[in-house]
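Here are some exercises to work through with the structure open beside you. Try each task before you read its solution.

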Amino acid sequence: METQNFSFSFAGASPQPHLLRPKFLPNLMRMIDTCNNKSKKIKATTTSSAPLPPPPLLRVSSDSLQYAPGFLGAVPDRDGSGNAAAVEYCRTNIVASNFYQVAVVSPLQFAPKISQRLGVNMWLKREDLQPGHSFKLRGAYNMMSKLPREHLERGVICTLAGNHSHGVALSAQRLGCNAMIVTPVTTSELEWKRLERLGATIVLVGDSHDEAQAYAIRRGEEEGRTFIPPFDHPDVIMGHGTVGMEIVDQMQGSLHAIFVPVGGGGLVAGIAAYVKMASPEVKVIGVEPIDANAMALSLHHGKRVLLDQVGDFVKGVDVKVVGEEDFRLCRELIDGVVLVSEKAICASMKDMHEEQGTILEPAGALALAGAEAYCKYYGLKDETVVAVTSGANMDCSTVRMVSLVGNADGQGEAQGEAMLAIFLPEQPDSFERFCEQFCDRIVEINIREFTYKNKFLEGESVVFCRSPLLSVVYISLSTGLVMPI
Ligand SMILES: Cc1ncc(COP(=O)(O)O)c(C=O)c1O
């Protein structure tokens with residue numbers, strides 16, 4: 001582990017050419033060749049230009065685009081060239097031939113309980129079962145394994161970003177190269193220790209992710225290390241896209257839609273590229289949390305935008321700006337974005353636990369939450385849908401909180417008890433004022449147990465109270481009204 005003083009200068013790493021063919025699914029590759037003849041007019045994607053200074057981005061708030069849970073919004077304007085663009089993208093960006101030496105073909109599993117409840121056929125693409133428990137290994141390994149040997153010998157570098165840095169560390173271990181992972185000094189030891197155990201060199205620098213990122217780019221330039229970005233690179237996108245390739249191969253019969261979690265947009269862009277090439281009739285639908293909706297807003301405005309603030313409950317998708325290449329592809333290829341609340345995500349995490357005995361991380365359950373909401377909103381019956389369960393790396397405190405939020409509607413509690421989730425201003429005496437205002441007025445609200453979580457939302461805390469309620473009550477925090485129902 002190194003600790004560094006921080007100073008800033010910018011330099012980029014150049015992407016590498018990628019020429020190898022996947023061993024997997026030769027029929028898809030034949031399809032590329034056939035379709036390719038039809039798409040001669042589409043320009044090849046340029047992947048090797050030096051980075052330009054970023055254009056100024058429009059700043060927007062996540063509140064400026066909200067719609068009903070399950071509604072398919074942010075539907076991009078299309079010029080009809082999506083299929084040809086997908087074919088061209090897959091043709092020019094080929095997956096590394098040794099790809100499946102490290103990633104596994106994850107199972108596509110039927111979810112009987114959720115299917116029965118919703119009246120659809122819900123399938124889960126279990127990316128949480130990849131080595132490292134997330135799909136991120138696919139993109140990192142695909143990009144790194146295509147680097148020439150002499151580049152690998154100089155090592156790679158990235159910033160610590162949850163599942164991505166884990167994918168980089170694991171890939172470096174398999175490829176026998178050094179991964180340097182740069183992270184702010186404030187990062188908990190627990191987070192970087194597991195990367196160090198995989199053989200990565202950890203550098204602690206700066207107080208923020210931006211500072212660590214700037215340092216990583218400069219250090220990469222100085223030492224000739226290749227910078228591995230989390231989502232904005234064709235090799236990363238195509239590595240992630242193999243999830244779509246497998247779904248098309250594994251799924252029997254017709255498929256209505258594939259739901260994909262969206263952060264920077266690498267996973268959804270890659271899946272859309274494969275699926276729109278092989279089965280253009282299948283919808284590819286992105287899913288975002290309501291307070292981290294950078295892709296929906298970018299599609300809505302027809303250009304990438306910068307979120308002024310982003311909710312951080314769903315780690316990994318809490319990005320303020322989606323990737324440039326990812327946005328370009330999503331605009332051409334995806335069918336829209338569904339937005340879901342934190343509570344819906346927690347409920348889907350519980351569904352997954354009941355269905356498969358697996359605890360997904362919030363980002364890992366995001367697509368399932370979107371798929372469930374969409375099926376309900378459109379009253380879908382007997383259709384087949386797939387949700388990509390993208391990751392299962394979670395800390396214990398989040399598990400506890402999710403279980404509380406998932407129970408906040410009182411379901412599953414002992415009879416006569418309810419779990420209330422109460423949002424309060426992050427100020428001294430808030431809880432006391434709440435008790436004075438509400439509990440003293442209704443004898444049944446004796447708080448038996450409470451848990452406090454600060455910084456749940458900006459300026460707010462959430463308090464979970466378990467209380468024996470003889471009757472159900474309606475509580476309005478804004479009007480102070482308490483009413484038996
Ligand atoms: C578990 C999980 N799901 C989804 C995403 C979003 O992926 P992308 O940034 O490619 O959109 C991430 C990103 O880190 C993730 O860790």
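**Exercise 1. The ligand shell**

By class, how many residues of the shell around the ligand are nonpolar, how many polar and how many charged?

*Solution.* Keep in mind that this is a predicted model. Start with the total: 23 residues surround the ligand, and the closest are Gly 263, Gly 266, Gly 316, Ser 390 and Gly 391. Sorting the shell by class gives eight nonpolar, 13 polar and two charged residues. Next, look at where they come from. Helices H6, H10 and H14 each supply at least two residues of the shell, and the largest share, three residues, belongs to H10.

**Exercise 2. Two packed helices**

Find the angle between helix H13 (residues 342-356) and helix H14 (residues 362-377), and describe their contact.

*Solution.* The two helices pack at an angle of about 100 degrees, and their axes are 8 Å apart. Angles of 65 to 115 degrees count as roughly perpendicular, so H13 and H14 are roughly perpendicular to each other. Now list the contact: H13 brings residues including Ile 345, Met 349 and Met 352, while H14 brings, among them, Leu 366, Leu 368 and Ala 369. By class, this contact has ten nonpolar, one polar and two charged residues.

**Exercise 3. A cysteine in H14**

Decide whether Cys 375 is buried or exposed, and find its contacts.

*Solution.* Cys 375 is found in helix H14. Count first: 24 other C-beta atoms lie within 10 Å of this residue. The cut-off for a buried residue is 20 or more, so Cys 375 is buried. Then set aside neighbours within four places in sequence; Cys 375 is in contact with Leu 118, Val 120, Leu 380 and Val 385. One of these, Leu 118, is 257 residues away along the chain, yet the two C-alpha atoms are separated by 7.0 Å.

**Exercise 4. The open sheet**

Work out which strands stand at the edges of the six-stranded sheet.

*Solution.* Write down the strand order, E3-E4-E13-E9-E10-E12, in which the pairing is mixed. E3 (108-110) and E12 (336-340) each have a single partner strand, so one side of each is left without a neighbour in the sheet. From one strand to the next, the twist averages 30 degrees. Inside the sheet, E9 (residues 257-261) and E13 (residues 384-389) run parallel and are joined by three bridges, with Phe 259 opposite Ala 387 in E13.

**Exercise 5. A covered helix**

How many residues of helix H12 (residues 324-333) are buried?

*Solution.* Eight of its ten residues are buried, which leaves H12 mostly covered. Among the buried ones are Phe 327, Leu 329 and Arg 331. Their packing partners are helices H2, H9, H10 and H11 and strand E10.

Conventions
Residues numbered from 1 in each chain as written. Predicted model: local features only at pLDDT ≥ 70, side-chain atom pairs only at ≥ 80, totals over all residues. Buried ≥ 20, exposed ≤ 12 C-beta atoms within 10 Å, placed from the backbone. Helix = DSSP H or I, 4+ residues; strand = E, 2+ residues; numbered from the N terminus. Contact = placed C-beta atoms within 7 Å. Axes fitted to C-alpha atoms, helices over the stretch in contact; angles between N-to-C directions. Parallel < 35°, antiparallel > 145°, perpendicular 65-115°, else oblique. Nonpolar A, V, L, I, M, F, W, Y, C, P; charged D, E, K, R; others polar. Near = placed C-beta within 6 Å. Pairing = 2+ DSSP bridges.
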